[in-house]
Amino acid sequence: MITAVLFDVQGTATDFHTTVTEACGSVLGAAPTEAGWGGFVNAWRALYFEALTDLAGHDGDWISVHSVYRTALDELLHEHRLEATDDQREQLARSWQRLEPWPDVIDGVRALNEHAITATLSNADVSAVVGIARHSRIPWTVLLAAEMFGTFKPDPRVYLGAARYLGVPPREILMVASHKYDLHAARSLGFRTAFVARPDEHGPGAEVDVAPEAVFDANVTSFGELADWVASNR
């Protein structure tokens, strides 16, 4: 039985790469390298993941994801010797709150709402998740974020905290992500899992792991396909 479906947001439900790449061009103009702004954005996101991996499991004061984005951006701008005002840096750091949904997402979540509670479970700050949901108009039932649990995925406290807030046992919750580390962490805690392949997550032609894995309950290529799977596996 699937009572609730949890979604990773950045990359899984939304196209961060296109949105932020376009923002870089709009704010800063011509790209500094042959890889273009797309390569810059991938390097930026890699620094973000590295920082969150180091922070996962920490027990200190909350470190906002916005500050992580901004610090990583400052490092990259310095590395490429690019000039940008504080206002421009803030515009770029906040572009992560205006992510566009993948084409299949809105209708897919709407269909899933007919069968289960739908909720975000993002490493982004609560304010960022609210901003993304408002901008994208994805019709999730509930908005949850790592900030509510004081740590980051894949820390078990995030997944188990979400289950507690929803009042649903892990065995009745489907965790959905395009990132396998997220799914393996949830699966180890008794959650059901669905892998969504997003081959363009890092831009056209980038190397992305989209291979299905038998350990996941479902392997799909769209939220519409996921909705059909949930409907037939309730």
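Residues are numbered from 1 along each chain as its sequence is written, and side-chain values use heavy atoms, leaving out hydrogens and water. Because the model is predicted, local features need pLDDT of at least 70 and side-chain atom pairs count only at pLDDT 80 or more, while totals for chains, interfaces and linings use all residues.

**Strand β1**

Select residues 4-7, strand β1 (strands are DSSP runs of E, at least two residues, and helices runs of H or I, at least four, numbered from the N terminus). Ala-4 and Leu-6 point one way, Val-5 and Phe-7 the other, and all are buried (under 20% relative accessible area; exposed is over 50%, partly exposed in between, with a 1.4 Å probe and protein chains only).

Ala-4 stands opposite Ile-117.

**The largest cavity**

Next select Asp-8, Gln-10, Arg-45, Tyr-48, Phe-49, Ser-122, Asn-123, His-179 and Tyr-181, which line the largest cavity. A cavity is a set of points on a 1 Å grid over the protein atoms alone where a 1.4 Å probe fits but cannot get out, and lining residues have an atom within 4 Å of a point. Its volume is about 70 Å³ (the space filled by probe spheres set on the points, which are joined across faces, edges and corners). Helix α2, residues 36-55, supplies the largest share of this lining, three residues.

**Salt bridges**

The whole structure has 14 salt bridges (a side-chain nitrogen of Lys or Arg within 4 Å of a carboxyl oxygen of Asp or Glu). Select Arg-70 and Asp-86, paired at 3.4 Å, N to O. Arg-70 lies in helix α3 and Asp-86 in helix α4, so the pair ties together parts 16 residues apart in sequence. Arg-70 is buried at 17% relative accessible area, whereas Asp-86 is exposed at 56%.

Move to Asp-182 and Lys-153, whose closest N and O atoms are 2.8 Å apart. Asp-182 is in helix α8 and Lys-153 in the loop between α6 and α7, 29 residues apart. Asp-182 is buried at 0% relative accessibility, and Lys-153 is buried at 2%.

Finish with Arg-157 and Asp-155, a salt bridge of 2.9 Å between the closest N and O atoms. Arg-157 is partly exposed at 36%, while Asp-155 is buried at 9%.

Key: Pairing = 2+ DSSP bridges. 1 Å grid on protein atoms, 1.4 Å probe; cavity = no way out; pocket = protein on both sides within 12 Å on 5 of 7 lines; lining within 4 Å.
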